[in-house]
Amino acid sequence: MPQPAEPGAASPVDPVAPIDRTGGYLGPNVAAAVGAASRATPGRWRLLLRRTTFWVGAIIVLFWIVCAIFGHLFVPYNPLAQQLLVNNQPPSGAHWFGTDPLGRDVLSRVITGARYILIITPLATLLGTVLGTALGLAMGYIGGWFDTVSSRIVEAILSLPFVVIAFLFVVAVGTSLLSITVIIGLVFTPLIARTVRTAVLVERHQDYVSASRLLGEGPARVMFGEILPNVLPAIVVEFTVRLGYAVFAVVTLSFLGFGIQPPTPDWGSDIAANYSGLLAGYWWQTLFPALAIATLVVAVALLADSIEQVLSS
């Protein structure tokens, strides 16, 4: 475990330096900032309960989770049922969010559309976090040629736009829920690896790491048994940040036709199918799915910001 600093000794980190949310570097003090977050005490987590932004984000996310799990039980209409006699109807008492060109109830599709997004995004983010953490631990602890080669590969991957990488994967493996989850997880892996590597570069010079080596512990034991618990808070922050990006990723793939396929209710594909109706005045068909995306992304961002502020306070 980390050894406490000597009384009066200079702090090795800058506790107010910002953390780079993109997984890169903001300046010479970024490693110190991540290290400060990594050594957060458990008491700091209790500060989350005192933050209004945390509760707002948590309530909104909980609402969409309920919709994803139980939405099919209380939606007013079958989201797949077509009623051409009432197509393109504006919001009314019968259809609160109006209907789409096929007469399907927009409210029912918005509520049930949360299901697959809230299945894919946590799993994809978790996959990217696990792989990125393992890679970042190895890069930061082993160093040397392995770190150099891995860093160049990571930078090469990050130089490509997400859509290009996702398109190549989708063409190769298809558009199933499993393939979309794996694709997003693999895209997030290098981003998370860079953040974890930054934290490990700080931790590997601590006394407890040197003591573990002297006791004869192997690299795997040191990385996962000693360093990982101390960089875990930074990983939690990175996970919550990437969760919001994962929502955008799923919606973007669906909007481009590479994600969840129609007629399955999905916010991205519904926007893609109906946004041309804006010119004809059918604004509700696009507005309400877009608002659903915005509320979920903003809620996740509020959670991520609250956690980051607590760790860096």
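Predicted model: local features only at pLDDT ≥ 70, side-chain atom pairs only at ≥ 80, totals over all residues.

Biologist: Where does Thr121 lie, and what does Thr121 touch?

Modeller: Thr121 is part of helix α5; helices here are DSSP runs of H or I with at least four residues, numbered from the N terminus (strands are E, at least two). Skipping residues up to four places away in sequence, Thr121 touches Leu243, Ala246, Val247 and Val250, where contact means heavy atoms within 4.5 Å. Its C-alpha also sits 8.3 Å from that of Ile184, 63 residues apart in sequence.

Biologist: Ile184, then: which residues is Ile184 in contact with?

Modeller: Leaving out neighbours within four places in sequence, Ile184 contacts Ile120, Ala124, Ala246, Ala249, Val250 and Leu253. Ile184 also turns up, with Trp64, Ile227, Trp267 and Leu296, among the residues that touch the most other members of the 63-residue largest nonpolar core. Helix α10 (residues 219-255) gives the most to this core, 14 residues.

Biologist: What makes a set of residues a nonpolar core?

Modeller: The members are buried Ala, Val, Leu, Ile, Met, Phe, Trp, Tyr and Cys residues joined through side-chain atoms within 4.5 Å. As background, nonpolar side chains tend to be buried together in soluble globular proteins.

Biologist: Why are α5 and α6 called oblique?

Modeller: The axes of α5 (residues 114-142) and α6 (residues 144-158) cross at roughly 135 degrees and come within 7 Å. Those axes are lines fitted to C-alpha atoms over the stretch in contact, with angles from 0 to 180 degrees between N-to-C directions. Under 35 degrees is roughly parallel, over 145 roughly antiparallel, 65 to 115 roughly perpendicular, and the rest is oblique. The pair is therefore oblique.

Biologist: And which hand does the crossing of α5 and α6 have?

Modeller: Left-handed, meaning that the near helix is turned anticlockwise from the far one by less than a right angle (clockwise would be right-handed). On the α5 side the contact is made by Leu135, Ala138, Met139 and Ile142, and on the α6 side by Gly144, Phe146, Asp147, Ser150, Ser151 and Val154. By class that gives 6 nonpolar, 3 polar and 1 charged; Ala, Val, Leu, Ile, Met, Phe, Trp, Tyr, Cys and Pro count as nonpolar, Asp, Glu, Lys and Arg as charged, and the others, Gly among them, as polar.

Biologist: What about α9 and α10: at what angle do their axes cross?

Modeller: The axes of α9 (residues 207-214) and α10 come within 11 Å and cross at roughly 165 degrees. That makes α9 roughly antiparallel to α10. The crossing is right-handed. Tyr208, Val209 and Ser212 of α9 meet Val222, Glu226, Ile227 and Asn230 of α10, for a tally of 4 nonpolar, 2 polar and 1 charged residues.

Biologist: Why is α11 called largely enclosed?

Modeller: Because 6 of its 8 residues are buried, namely Trp267, Gly268, Ser269, Asp270, Ile271 and Asn274. They pack against α3, α4, α5, α10 and α12.

Biologist: How is Phe74 classed, and why?

Modeller: Partly exposed, because its relative accessibility is 44%. Phe74 is in helix α3 (residues 52-74) and touches Cys67 and Ile111, not counting residues up to four places away in sequence.

Biologist: And Trp284, buried or exposed?

Modeller: Buried, since Trp284 has 4% relative accessibility. Trp284 lies in α12, and Asn88, Gln89 and Pro90 are among the residues Trp284 touches beyond four places in sequence.

Conventions: Residues numbered from 1 in each chain as written. Heavy atoms only, no water. Buried < 20%, exposed > 50% of the residue type's maximum accessible area, 1.4 Å probe, protein only.
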